[in-house]
Amino acid sequence: MGRKLDPARKEKRGPGRKARKQRGAEVELARFLPPVEEQLSPQKEKHTVKATGQTARGRSGFSDGNSKWLALAEAKKTQPKGNHVELSSDGEVEEGSWKMEEDGSSEEMVDDYGASSSEEEELLPIEKAALKQKPDREDLSEDDSEEEDEEEEEAEEASKQKMGQKEEEGADLQLNLDIDEQFKLPTSEEIEKEDILFISPCASSLAIGDSLTMFPPAEPPDLHIIHQRIQGNVEVLQDFGVKREEGRSRQEYLALLRRDMAAYYSYSDFLLTKLMDIFPLPELINFLEANEVPRPVTIRTNTLKTRRRDLAQALINRGVNLDPLGKWSKTGLVIYDSTVPIGATPEYLAGHYMLQGASSLLPVMALAPQENEHILDMCCAPGGKTSYIAQLMKNTGMILANDSNAERLRSVVGNLHRLGVTNAVVSNCDGRQFPKVLGGFDRVLLDAPCSGTGVISKDPAVKTNKDEKDILRCAHLQKELILSAIDSVNAASETGGYIVYCTCSIMVEENEWVVDYALKKRNVRLVATGLDFGKEGFTRFKDRRFHPSLKSTRRFYPHTHNMDGFFIAKFKKFSNAIPLTQKAATPSAVPDTIITEPLPKKKKLEGSKADEEQKLPQAALKNKRSLQAQRRPLKA
């Protein structure tokens, strides 16, 4: 039930709270009106008499009655004891519920409606607390304003400094452009100064106890200057006819470039010469820069135990940031960062994935093994490719995992057990003797040992510890292995007859030369690898001309594909017969020590002496056996 309406009770109405608070007009008018006394109305006079004890009529003079009303009056509001606050129907405070008190000489002014002219009113407790905190906030706001002003000044100073730095950088860039445009070869004296050793050669003649303070070390070369010189040199070589310095040959520019790159990137002169023959100069700089950055960590999902989606979700829950490797791989994942070690998670120990580089997945994809086939992995350590083959074969058929290093086979056995591979046989044999050990395979994968010039980011020692002999030694071993791999394949296989040859090197001597050699020595042909990306192999290199089908081979570089340098070639064997060697087919760069023909039999000597000489060894053997038979009983 609601309240009952009392018709006899009439509630007074007056201006609302907001209307009483707004005092903009009277303040402005008070500035222009003269301060004169006011003729109060009888109602106002009663209020003033009660408050001050004197009447306004007794005052002298009469003037505008609104001037005093418009003037501000300082008053204090207090709630009388025993009274309670009553609200009108509009939610306003009743006039009779408040009592005005004056401080000293100030007067209380009330308008015609009985409302106080002061802006302060009775507030709730929470509003009173807010009013008490207002002066503190004002002080804080002043402090904050000062801090903001200081911050603004600092920001302006910082912006001015940045503008000055940008102008300086722009000037430096302009200077660099001018330097690049006016690139000149350094003189021989400047080169000799840079070639000075850190310690004087005279120091080597000193005794062990002598001091080297008299020979202070020379300052190291400025790498920033060398880098700028490399860039300027490359620009000149790209437009040599226009930008070259008069009287200077191209060989001088190339020699300086090779020397600067050797100092800046820490490569040997031999390896830089080889790389300059393979890559154009701008691409060579990108290749050298890419070798200074490690390749992203990638893993391969073991579909024998899990799916890639489930594995990715499990690793994400452990704090691993990952993404699919690419559209070309259905099992690869790339790891950006991780809060846990990737090689020690429960999923890794359970065999759900294998730490494997992205480039190591490509040879198995090119091999394309089928179920129930017999496959040979000639150089299998550490077992990543072998387990991937078993995964694609769904643990059917048979895989012979061979490696010539017995110590590396331990990791192969451990990985195969962890990943759940059950169709693999591990052997420790020399791959060059393998056709005699076992043959008739449907497919063979040969990841031949190489110089490692494609994985410099993993092994920086390759920059300086490889020379011409190492490259030729690797090429010779690779030629022997690829012939053995071809001989181990059965050309009459219904589903196979394929050989995949791959290396982690980018040297032409280890890749195209070896493949071209195999094409001449065996009845094989090159087929497409089935990989949609990668650069084509070389069909001509310097003064060499290779078979046109080498376009079907694939090269992968770190600066273009963001993976280790790799080379892949796929053969199809169409005959088990071994063709006769031809002198024109033998390569001249690497000596051929492989015997592909049976040795000619010795001619028999004519006459009775020849028969006696041929029979002598047999007679001597019989005499030796008879003497051994006679001595046995004596020993017993």
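Ser266 sits in the loop between helix H9 (250-265) and helix H10 (269-278), where helices (H or I, at least four residues) and strands (E, at least two) are DSSP runs, numbered from the N terminus. This is a predicted model, in which local features need pLDDT of at least 70 and side-chain atom pairs count only at pLDDT 80 or more, while totals for chains, interfaces and linings use all residues. Residues are numbered from 1 along each chain as its sequence is written, and side-chain values use heavy atoms, with hydrogens and water left out.

Although Ser266 is not a glycine, its phi is positive, at about 65°. With a relative accessible area of 44%, Ser266 is partly exposed, a class that lies between buried (under 20% relative accessible area) and exposed (over 50%), using a 1.4 Å probe and protein chains only. Lys394, also not a glycine, has a positive phi of about 60°, and this residue is placed in the loop between H15 and strand S8 (398-402). Lys394 counts as exposed, at 57% relative accessibility. As background, most residues other than glycine have a negative phi, and most peptide bonds are trans.

## The annotated binding site

The UniProt annotation "binding site", from an unreviewed entry, covers Cys379, Cys380, Ala381, Pro382, Gly383, Gly384, Lys385, Asp403, Asp430 and Asp447. UniProt positions are given here in the numbering used for this structure, with shortened feature names, and such annotations may be inferred rather than shown by experiment.

Ala381 is found in the loop between strand S7 (374-377) and helix H15 (384-393), and it is buried, with a relative accessible area of 14%. Apart from residues up to four places away in sequence, Ala381 touches Asp403, Arg408 and Val412, where contact means heavy atoms within 4.5 Å. The peptide bond that leads from Ala381 to Pro382 is cis, with omega near 5°, and Pro382 likewise has its place in the loop between S7 and H15. Gly384, by comparison, is located in helix H15 and is buried, with a relative accessible area of 7%. When its neighbours within four places in sequence are left aside, Gly384 is in contact with Arg300, Met354 and Gln356.

## The annotated active site and helix H19

UniProt places the feature "active site", again from an unreviewed entry, at Cys504, a residue that lies in the loop between strand S11 (498-503) and helix H19 (512-521). If residues up to four places away in sequence are not counted, Cys504 touches Cys450, Gly452, Thr453, Gly454, Val455, Gly565 and Phe566.

Helix H19, at the other end of that loop, is mostly covered, since 9 of its 10 residues are buried. Among these buried residues are Trp513, Val514, Val515, Tyr517 and Leu519, together with Glu512, Asp516 and Lys521. The elements that cover the buried residues of H19 include H18, S11, strand S12 (524-527), strand S15 (544-545), strand S16 (554-556) and strand S17 (566-573).

Thr495 is found in the loop between helix H18 (468-487) and S11, and at 42% relative accessibility it counts as partly exposed. Not counting residues up to four places away in sequence, Thr495 touches Glu373 and Arg443. Thr495 and Arg443 are 52 residues apart along the chain, and their C-alpha atoms are separated by 9.0 Å.

## A pair of packed helices

The axes of helix H7 (residues 223-238) and helix H11 (residues 281-290) come within 10 Å and cross at roughly 150°, where axes are lines fitted to C-alpha atoms, for helices over the stretch in contact, and angles run from 0 to 180 degrees between N-to-C directions. The two helices H7 and H11 are therefore roughly antiparallel to each other, a label for angles over 145 degrees, whereas those under 35 count as roughly parallel, 65 to 115 as roughly perpendicular and the rest as oblique.

In this contact, His227, Ile230, Val234, Leu237 and Gln238 of H7 meet Leu281, Pro282, Ile285 and Glu289 of H11. By class, the contact has 6 nonpolar, 2 polar and 1 charged residues, where Ala, Val, Leu, Ile, Met, Phe, Trp, Tyr, Cys and Pro count as nonpolar, Asp, Glu, Lys and Arg as charged, and the others, Gly among them, as polar.

## The protein overall

The protein has 21 helices and 17 strands, and of its 636 residues, 36% count as buried.
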